[in-house]
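Subject: Handover of a structure and findings

Dear colleague,

Please find below the structure that I am handing over to you. My findings follow it, grouped by helices, sheets and individual residues.

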Amino acid sequence: MTPANGAVPPAVPLPPDAGPTVDDPTGTGTTGPASATTLATFLRGTGGLTLDERTLIVGQALVLLEQNYVHLPLKTAMYAVNPVQRLRLLRRRLERQRAGTMPVEWLFHAELSDIFHSVRDLHTNYLLPEPFSGAVAFLPFLVEECFDTGGPHYLVTHIAEGFTAPRFEPGVEVTHWNGIPIRTAIDLNAARFAGSNPAARRSRGLESLTLRPLLIHLPPSEEWVTLSYVGVDGRPAELRQDWQVMVNPPPPGGAGGTGSAALDDGVDLETDETGRAKIALFAPQVIARERAAPAPPSPAGGTDSTDEVVSSMPRVFRARTIRTPSGTFGHLRIFTFSTESPAALVGEFVRLLDELPQNGLVIDVRDNGGGSIGAAESLLQTLTPRRISPEPMQFINTPLNLRLCRGNPALGVWVPSMEQATEIGATFSGAFPLTSDSDANAIGQQYFGPVVLVTNARCYSATDIFSAGFQDHRIGAVLGTDENTGAGGANVWTHQRLLAQFADGDGSPYTTLPRTAGMRVAIRRTLRVGAQSGTPVEDLGVAPDALHQMTRRDLLEDNVDLLAEAGRILAARPRHELAIRGVSPGDASLTLSVRTEAMDRLDVYVDDRPRASVDVVDGETELGVPGVVTTASVRIDGFSAGELVGRRRVVPSA
């Protein structure tokens, strides 16, 4: 049955000549659940793409995949696909068609989407035109996977406000989907959607059962689904639920949009769109909190009565104190790296670190689809005394990419190697970091306790890069709930950004796409550093140091078993402390008051020159540095058994 009081208010019937429009794809004039209409009503407003417009779109896709796409050799080899030839064949078929006899529009979208999906790259997308762009097809509940000794189970974990059905509540177990055993249905779904490794494909196959951004996905083939489930009382039941379509709320301040002009974008647009839909459906309080003035930190460490630390960026961070069987630690969830101000994101991260317990920290980036690569890489320095090496990036060597780099001073460092490729036949350009070395190390270490990073298969792009950097710089253990992260190792540019690289009359190969259609392409690939130096992130991702399979308690009791496992890892690692209590310049010396824990040696640098090295024991220590009258900065490196374990910088007051 379809509940009368479903997840959203029922759609208002449209008059015969009304329907979706470009600015109002569901015909309701709102966004979020209040904008919802049935899938059948939404589809009445689709169509209208002319033959010439279809031909133009295919031609632009050829330019991007043949001349800009950095992973083309890798994907052709790994998956035995030839997307360029498929586009050529599609263009040839279009040349033979006539306006009155051409196939229906959805078949065109289906074939072009399938060509892009064939490379299994969530950075490289065909973005459907109006009215699909901005719309999300959804069911008013969320299904997630957990495990026990009997294998995987699939539970309903969230239900949209206002939706009810007999004995349908969080905790019910789904057994069949449209008559298909649920595991088989997920596998069939996974085969249709891009994913760079089996774990990523399976994860996305599950998520797309109930949420599909129509910007990237075709609408569901069925108008409703039939769910077979076992209630929490153990009795079987069945639910029939119509697909709904809503206008997705826009990203805050426009961050993460499809037309972003940022050079350092590293975002999985599908996860970004899905994440905003989840907030609108299942956590509308986050939007309300974001619109309200942020609450000031409380006197007791900036936490409220539930140990939550108030953040000025609730869509980006959730910070709190957690209590586990192994001790009390900090938990910092990062939902996205999408931001208009990377500096503000880094600043809020540092502030939250200071408010959390200092004896151990869980950083949780599950389901984070990325965003600003610069912001992601700039966070790493705050967690380690080691100098951060940003991941280097490469273009694929083509005449068009060389033109792009020659025309943009910010890309000039890649030009010599690309010019040399004509002589030596190199496939890729030289490798240079996108994030500057100074930005990656400007702040330095801010947190001194042990850190564990929690990942899953829906971590992608900038989050893959953050996770790889965390592992490559040996910051702490990586605890995964899947065998790999999503494996998106690239910087992505939109067709709009590529179009903007050429001035009018400059012989641009790019043309404005019709009807708000769009495309994105992975333009620079990333390489790991450290022990895995030179290894690409794409398709490989980051394998965790330890694996935790999600339990029923995790899904229904706020990750209680997952956080207990993270707590065990933290409790087994030493906690270091290095605090500079005071800096006192004298007539001919500098006196430093320092507190240490689990360190046996301190090295002192004044204006980046070594000036002293002393053995210490835990507690307070006063260090005298003779011969120093004025100083711009002081750095203290703390060691334990010869290993660098802490680093502090301070700029003395005048």
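A salt bridge is taken here as a side-chain nitrogen of Lys or Arg that lies within 4 Å of a carboxyl oxygen of Asp or Glu. Please note that the model is a predicted one.

Salt bridges

By that criterion, the structure holds 45 salt bridges. One of them is formed by Lys75 and Glu538, whose closest N and O atoms are 2.8 Å apart. This pair connects distant parts of the chain, the two residues being 463 residues apart. Lys75 belongs to helix H3 (residues 72-79), whereas Glu538 lies in the loop between strand E23 (518-526) and strand E24 (546-547).

Helix H2 and its contacts

Helix H2 (residues 51-68) and helix H4 (residues 83-96) have axes that come within 10 Å and cross at roughly 160 degrees. H2 and H4 are therefore roughly antiparallel to each other, since angles over 145 degrees are counted in that class. The crossing in which H2 passes H4 is left-handed. On the H2 side, the contact involves Leu51, Arg54, Thr55, Val58, Ala61, Leu62, Leu65 and Glu66. These meet Pro83, Val84, Leu87, Arg88, Leu90, Arg91 and Leu94 in H4. By class, the residues of the contact of H2 with H4 comprise ten nonpolar, one polar and four charged.

H2 also meets helix H5 (residues 105-117); the axes of H2 and H5 come within 12 Å and cross at roughly 0 degrees. This angle makes H2 roughly parallel to H5. H2 contributes Arg54, Ile57, Val58, Ala61 and Leu65 to the contact, and H5 contributes Glu105, Phe108, Leu112 and Phe116. The contact of H2 with H5 has seven nonpolar residues, no polar ones and two charged ones. Arg54, Val58, Ala61 and Leu65 of H2 take part in the contact with H4 and also in the contact with H5.

Helices H10 and H11

Which residues make the contact between H10 and H11? Before turning to them, the geometry may be stated. Helix H10 (residues 342-355) packs against helix H11 (residues 373-380) at an angle of about 30 degrees, and their axes are 9 Å apart. The contact itself is made by Pro342, Leu345, Val346 and Phe349 of H10 together with Ala375, Ser378 and Leu379 of H11. Six of the residues in the contact of H10 with H11 are nonpolar, one is polar and none is charged.

Ala135 has Val247 as its bridge partner in E11.

Another open sheet of four strands has the order E28-E27-E30-E31, again with antiparallel pairing. Its edges are strand E28 (609-615) and strand E31 (643-650), each of which has a single partner strand, so one side of each lacks a neighbour in the sheet. Neighbouring strands of this sheet are turned against each other by 20 degrees on average, direction ignored. Strand E27 (residues 601-606) and strand E30 (residues 634-640) run antiparallel and are joined by six bridges. Tyr605 stands opposite Arg635 in E30.

Backbone features in loops

Glu130 and Pro131 are joined by a cis peptide bond, with omega about 0 degrees. Pro131 is found in the loop between strand E2 (125-127) and strand E3 (135-138). Asp367 has phi near 65 degrees, a positive value in a residue other than glycine. The loop that holds Asp367 runs between strand E16 (361-364) and strand E17 (370-372).

With kind regards

Terms used:
Residues numbered from 1 in each chain as written. Predicted model: local features only at pLDDT ≥ 70, side-chain atom pairs only at ≥ 80, totals over all residues. Heavy atoms only, no water. Axes fitted to C-alpha atoms, helices over the stretch in contact; angles between N-to-C directions. Parallel < 35°, antiparallel > 145°, perpendicular 65-115°, else oblique. Left-handed = near helix turned anticlockwise from the far one by under 90°. Contact = heavy atoms within 4.5 Å. Nonpolar A, V, L, I, M, F, W, Y, C, P; charged D, E, K, R; others polar. Pairing = 2+ DSSP bridges.
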